[in-house]
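User: I'm new to this one. Can you walk me through it?
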Amino acid sequence: MTDTETKRHHRPIRSFVIRGARMTLRQQKGWDQLWSKRGCAVENGMLHYDDLFGEHSETILEIGFGMGDSLAEMAAKNPNAGFIGVEVHRPGVGAILCSMDEMSLDNIRLFCEDANDVLAHCIPDASLDRVQLYFPDPWHKSRHHKRRLVQPDFAQKIRQKLKVGGTFHMATDWENYAEHMMEVMSAAEGYENISGKGQYTPRPDYRPTTKFERRGERLGHGVWDLVFKRVN
């Protein structure tokens, strides 16, 4: 096997594709003016939450926040909590930076990096009260299911970072992905479904509905929430 073939063989499967969308003027302004104050980098190592947020009630990590509307809304409604957002698409990061400025939010810090790298190098073990994964790419074609983020090894990465009693909250509008999540999480060591074995959870009050979600509901699309608690 050549060096190139070896690298290809060991290349991690990505759950995302970097899109080449350009930033709007507003998004670019947010990035240029605010990233240095609110952005974090994997190369800087482990986070110290008190340094980021001061005294706070809980620490919440959201993976893949999109344009950040719901994350900003949650942070505004819970100013005593510290929120860490991870998103690989720069326009979304630029958008939420603008929202944070407009809403005077100082309880969000952001990564524009692969969540796996953030988990491995920046999040202390047993330190999170909740991890949120809302409407991740469903990779709906069967041959792409291996790219879905929720897999057995990922569930254990999340468990390692949650406090005992902390929760992993997932939501999707693809029934097949919901079934996949339920299968993976029900078999995952160290977790308990807060709604009972095999049961989905009614949307918790803290998760806002998005415009995309409301549009889907009007069209008859379902949304499935799953909340699993770390028990050991």
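This is a predicted model: local features need pLDDT of at least 70, side-chain atom pairs count only at pLDDT 80 or more; totals for chains, interfaces and linings use all residues.

User: How many salt bridges does the structure hold?
Analyst: The structure holds 9 salt bridges. One of them pairs Arg26 with Glu102, with the closest N and O atoms 3.0 Å apart.

User: Where do Arg26 and Glu102 sit?
Analyst: Arg26 is in helix H2 (residues 25-38) and Glu102 is in helix H5 (residues 90-102).

User: Is Glu102 buried or exposed?
Analyst: Glu102 is exposed, because its relative accessible area is 55%. Arg26 counts as partly exposed, at 38%.

User: What about Lys229, which residue does it form a salt bridge with?
Analyst: Glu192. The closest N and O atoms are 3.9 Å apart. Lys229 lies in strand E8 and Glu192 in strand E7, so the bridge ties together parts 37 residues apart in sequence. Lys229 is partly exposed at 28%, and Glu192 is partly exposed at 41%.

User: Glu213 and Arg207: buried or exposed?
Analyst: Both are buried. Their side chains meet in a salt bridge, 2.9 Å from N to O.

User: New topic. Where is Gln132?
Analyst: Gln132 is in strand E5, residues 128-134. Gln132 counts as buried, because its relative accessibility is 0%.

User: What is Gln132 in contact with, leaving aside neighbours within four places in sequence?
Analyst: Ile60, Leu61, Glu62, Ile63, Met74, His169 and Tyr206.

Note on methods. Residues are numbered from 1 along each chain as its sequence is written. Side-chain values use heavy atoms; hydrogens and water are left out. Helices (H or I, at least four residues) and strands (E, at least two) are DSSP runs, numbered from the N terminus. Buried means under 20% relative accessible area, exposed over 50%, partly exposed in between (1.4 Å probe, protein chains only). Contact means heavy atoms within 4.5 Å. A salt bridge is a side-chain nitrogen of Lys or Arg within 4 Å of a carboxyl oxygen of Asp or Glu.
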